[in-house]
Amino acid sequence: MNPPSPPALQQRKVRFDFTETPLHWVPNEPEASHIMNGLHLLLPAGEFWFCKVYNKALPLVSEPGLREDVRGFVLQEAQHARAHGSALAPYLMRHGIDPKPFTRKVDWLFNKVLCDYPLGENALTRRLQPWWLRQRVGLIAAVEHFTCVLGDWVVNSRGLDHADPVMLDLLRWHGAEEVEHRCVAHDLHVHLGGSLAMRWLCMLIATPALLYLFSDAMKVMMRQDPATRYRPGFLRMWHDLGKRGLLPTTSSVGRSVLRYFNPRYHPRVEGDLQAALDYLANSPAALRAEAEKAAA
C-alpha cells in the first residue's frame, strides 16, 4: 500500500481546559510528568521564534508548493505555542509552579542569542543576514527532527493511555501535527541553499542544547513541587522511564539522531503519517475546533 499523500497544512484552533488536570498528570509518575511539562515552558517562546524566522524566509521561497507549506507550518507552530502557553497560568501556576526561572533563560536565548542581530546591527551584520537566516532555518530543521520523532512516539505509544485525557490530547494533537509537517523545515533549508554539512552541524548543536533545556526545565519544576525532590541524572531518569513505556527509549532517540547523518536522509521516512492523520481526525480538541469553525 502506498503511503498517504501529505495533506495541505491547516491551522486547527484548538483549546484545552486544564482546570481538572493534576500536576502529576501521568498518575504516580511525577518525573515523567515534569519532563513532558517542560514543553509548556520551552515551546511558547521557541515556536513563536520559529514563526519569526520563517516569516523572514517566506519572501525568498520561489516554489509555490513549498511557499504554501511554509505558510501552513507557521500557522500550526503559532497554534502550538498558544496551546502550550495556555497551560502556564491555569495549570502549572495553579499548582504552585513559577515558570519564570526557566522562561527568563529561554526568552534571552531566542530574543538575544538567536535574534536577527545578536552582535548588533552594522554594515557587516546586515550583509551576513542571508547566511544567518540559513543557519537558523538549519537549526529549526534539526529541532523539527526531534519533534517529529517524539510526536510519532506520543501518538502511537500506549504507555500514556491512562494519563489525564486533556493533557494527553494536547500532546497527541501537537505530535500528530509535527508528523504532518515533518518535511517542511528540511525542504526549506535545502531550498534556501543550506548545505548538508550545516544540517549536520546544527544537529550537533541541537542535541545537547535540547537535553540541557529539558533537564533544566524539569529541575525548575521538581524543586518547586513538594512531592518531589530533584536528583541529578537526567539521562538515567529518561532511560528508566523509557524502559517502562512512559517516554521514548533513549536508544530509539539515539538511532533517530544517527539517521539524520545519512547523506541521503529525508524526513519523509520519519513517523507514521497515516496514524498522525487518523489521530487528528479524532482528537477531541481538533473536533471541537472544527465544529466551532463550521458554526462561525
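Mentor: Let us start with a pair of helices: H6 and H7 lie oblique to each other. This is a predicted model, in which local features need pLDDT of at least 70 and side-chain atom pairs count only at pLDDT 80 or more, while totals for chains, interfaces and linings use all residues. Residues are numbered from 1 along each chain as its sequence is written, and side-chain values use heavy atoms, with hydrogens and water left out.

Trainee: How should I read the packing of two helices, and at what angle do H6 and H7 pack?

Mentor: Two packed helices are described by the angle between their axes and the distance between the axes. Here H6 and H7 (residues 165–180) pack at about 130°, and their axes are 7 Å apart. Helices are DSSP runs (H or I, at least four residues), numbered from the N terminus. The axes are lines fitted to C-alpha atoms over the stretch in contact, with angles from 0 to 180 degrees between N-to-C directions. Angles under 35 degrees count as roughly parallel, over 145 as roughly antiparallel, 65 to 115 as roughly perpendicular, and the rest as oblique.

Trainee: Is the crossing of H6 and H7 left-handed or right-handed?

Mentor: Left-handed. That word applies if the near helix is turned anticlockwise from the far one by less than a right angle; clockwise gives right-handed.

Trainee: Which residues of H6 and H7 meet?

Mentor: From H6 come Glu144, Thr147, Cys148, Gly151, Asp152, Val154 and Val155, and these meet Leu171, Arg172, Gly175, Ala176, Glu178 and Val179 of H7. Contact means heavy atoms within 4.5 Å. By class, this contact of H6 with H7 has six nonpolar, three polar and four charged residues. Ala, Val, Leu, Ile, Met, Phe, Trp, Tyr, Cys and Pro count as nonpolar, Asp, Glu, Lys and Arg as charged, and the others, Gly among them, as polar.

Trainee: At what angle do H6 and H11 cross?

Mentor: The axes of H6 and H11 (residues 250–260) come within 11 Å and cross at roughly 140°. H6 is therefore oblique to H11, and this crossing of H6 and H11 is right-handed. On the H6 side you will find Ala141, Ala142, His145, Phe146 and Val149, facing Val253, Ser256, Val257, Arg259 and Tyr260 in H11. The contact of H6 with H11 divides into seven nonpolar, two polar and one charged.

Trainee: And how do H9 and H10 cross?

Mentor: Their axes come within 10 Å and cross at roughly 85°. H9 is therefore roughly perpendicular to H10. Leu211, Phe214, Ser215 and Met218 of H9 make the contact with Phe234, Leu235 and Met237 of H10. Six of these residues in the contact of H9 with H10 are nonpolar, one is polar and none is charged.

Trainee: Which residues line the largest cavity?

Mentor: It holds about 70 Å³, and its lining consists of Ala141, Glu144, His145, Cys148, Arg182, Ala185, His186, Tyr260, Tyr265 and Pro267. H6 (129–156) and H8 (184–191) are the elements that give two or more residues to this lining, and H6 gives the most, with four. The second largest cavity, of about 40 Å³, is lined by His186, Leu196, Arg199, Trp200, Tyr260, Asn262 and Tyr265. H9 (residues 196–224) provides the largest share of that lining, three residues.

Trainee: What about the largest pocket: which residues lie nearest its centre?

Mentor: Val143, Phe146, Leu150, Leu210 and Phe214 do, out of 49 lining residues. The largest pocket has about 1100 Å³ of space, and its lining divides into 36 nonpolar, 10 polar and three charged residues. The second largest pocket has about 250 Å³; H13 (284–295) and H12 (273–282) each supply at least two residues of its lining, with H13 giving the largest share, six.

Definitions and conventions
On a 1 Å grid over the protein atoms alone, a cavity is a set of points where a 1.4 Å probe fits but cannot get out, and a pocket is an open set with protein on both sides within 12 Å along at least five of seven lines; lining residues have an atom within 4 Å of a point. Grid points are joined across faces, edges and corners, and a volume is the space filled by probe spheres set on the points.
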